[in-house]
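These are my notes from a first reading of the structure shown below. I took up the strands, then the domains, then a pair of helices.

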Amino acid sequence: MNLINLCAKRPSLALSNSRIRCNFGRYKSEITINSKEIEQTLDNLPLAGYRVVDLTRILAGPYCTMLLGDLGAEIIKVENPQNGDDSRTWGPPWAYNKDSNDKSSPESAYFLAINRNKKSITINLKTQLGVQIIKDLVKKSDILVENYIPGKLDKMGLGYEELKKINPKLIYASITGYGQTGPYAKRAGYDVIVEAEAGLMHITGEEGGEPVKVGVAITDLTTGLYTHGAIMAALISRMRTNQGQRIDCSLIECQVASLANIGSNYLIANQEASRMGTSHPSIVPYQRFKTKDSFIMIGTGNDGQFRILCNAIEKRTLLHDERFKTNSGRVKNRKELIDILQEKFIEYDTEYWLSVFSDKGIPFAPINNIKKTFEHPQIIAREMIQEIDHPKAGKIKLTGIPVKYSKENPRIRLPPPTLGQHTHEVLSNILGYSEDKIKTLVEGHIINQ
């Protein structure tokens, strides 16, 4: 595909000599790029050519659609014309406007983290004309992702049964707190609530201490990942059947599934879990140790690694102690062994122990703060920090894309959008609305422009 044909296929790109001008509504960006680079960026990605109507907000849904966008899908994020996605206001911290004369609200770091590679349009879904815009989009889309309380979109005429009449090939993914059926179906779902309700908070925290939440909203993120995987599977199924389907994904079920071995311990052996800090219920030693100046994390997954550990820290007598020769023995005699190891680790600082364990063949790591995490040589080498121009905030840094492909190069192609940034582009170029019709929608407060 040459550059002119590419721009014809992607009407939001206008060709001008050797440059591509990208229209961002009231914000404009101009970047130098060649045709080969554009083709790689837009057409050689796994989901290039697929379109997603994104009716989600907060975290689980936007995280799912961001993953689809990273893989090349066109994500049309539908937002409330008044304030947009709630997470736009979740600050500080903020990415402040680069133009001192721009008095509009800055973007929150929270929103920027999970909304790259998307286009934003504003639609008042409380109106019939707003609902009709969604239906028009559905006709030309492959996937719809939503996270409304069950039944809410059905009342608006945007439920799966209604929309599949318009587009039988539509994959309609619903993310809820508790699923579409069951006694709790109508409850709103929140990460921290489900962490408490579905076992995760019970097993998180120090031994003997109070339950605590995980440092990030891991239940939301897990649910976004499960939904992303389900959508990919549904696309493969559609290739065989030529039919779409409904995907029902809930926070509580994804959290229970993520209990992994802890859940299995209960189901198989009726073994109730407890908080163990950084320790592992089935492997010893596998935990954090205090050093002279901070902490170090050590893991020994088998007897061979335990031998390496004992030799490295010059505690070879442990190798001949019958209590510690096997992992099952070490689990049984956990307290005695950990006390001995802790007494040794406290003798030297963390840097000393890091040098001792280097290239020894056992898992170990310092416990880094966020600053050190982003300064980590492997994080830098794997390009997990990326910089992109944002139309309001200027240059911003975002976390990179964690999965690498041998033939494609998923990357941040679009910065997180400003509210309604692409409304005119989508209505005009995708739906073919006339300027007069768009003007009427603006004047009727159906959309913002």
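**Notebook: strands, domains and a helix pair**

I began with strand pairing and found that strand β11 (residues 246-250) runs parallel to β10, with five bridges joining the two. I noted that the model is a predicted one.

I looked up one of the pairs and found that I175 has C249 in β11 as its bridge partner.

I then turned to the other neighbour I had listed. Strand β9 (residues 143-146) is joined to β10 by four bridges, and these strands also run parallel. Here I recorded Y172 of β10 as the bridge partner of L144.

Next I asked: are the residues of strand β10 (residues 171-176) buried or exposed? I found six of the six buried, so the strand is largely enclosed by the rest of the structure. I also checked the directions of the side chains: I171, A173 and I175 point one way, Y172, S174 and T176 point the other way, and all are buried.

I consulted the domain assignment, which gives domain 1 as 43-261 + 382-444 and domain 2 as 295-366. I noted 44 Å between the C-alpha centres of domain 1 and domain 2.

Last, I examined helix α3 (residues 60-70) and helix α9 (residues 218-241), whose axes come within 8 Å and cross at roughly 45 degrees. The crossing of α3 past α9 is right-handed. From α3, I listed A60, Y63, C64, L67 and L68 in the contact. On the α9 side, I noted residues including D220, L221, H228, I231 and M232.

Methods: Residues are numbered from 1 along each chain as its sequence is written. This is a predicted model: local features need pLDDT of at least 70, side-chain atom pairs count only at pLDDT 80 or more; totals for chains, interfaces and linings use all residues. Side-chain values use heavy atoms; hydrogens and water are left out. Buried means under 20% relative accessible area, exposed over 50%, partly exposed in between (1.4 Å probe, protein chains only). Two strands pair if DSSP finds at least two bridges between them. Domain bounds come from an automatic or database domain assignment. Axes are lines fitted to C-alpha atoms, for helices over the stretch in contact, and angles run from 0 to 180 degrees between N-to-C directions. A crossing is left-handed if the near helix is turned anticlockwise from the far one by less than a right angle, and right-handed if clockwise. Contact means heavy atoms within 4.5 Å.
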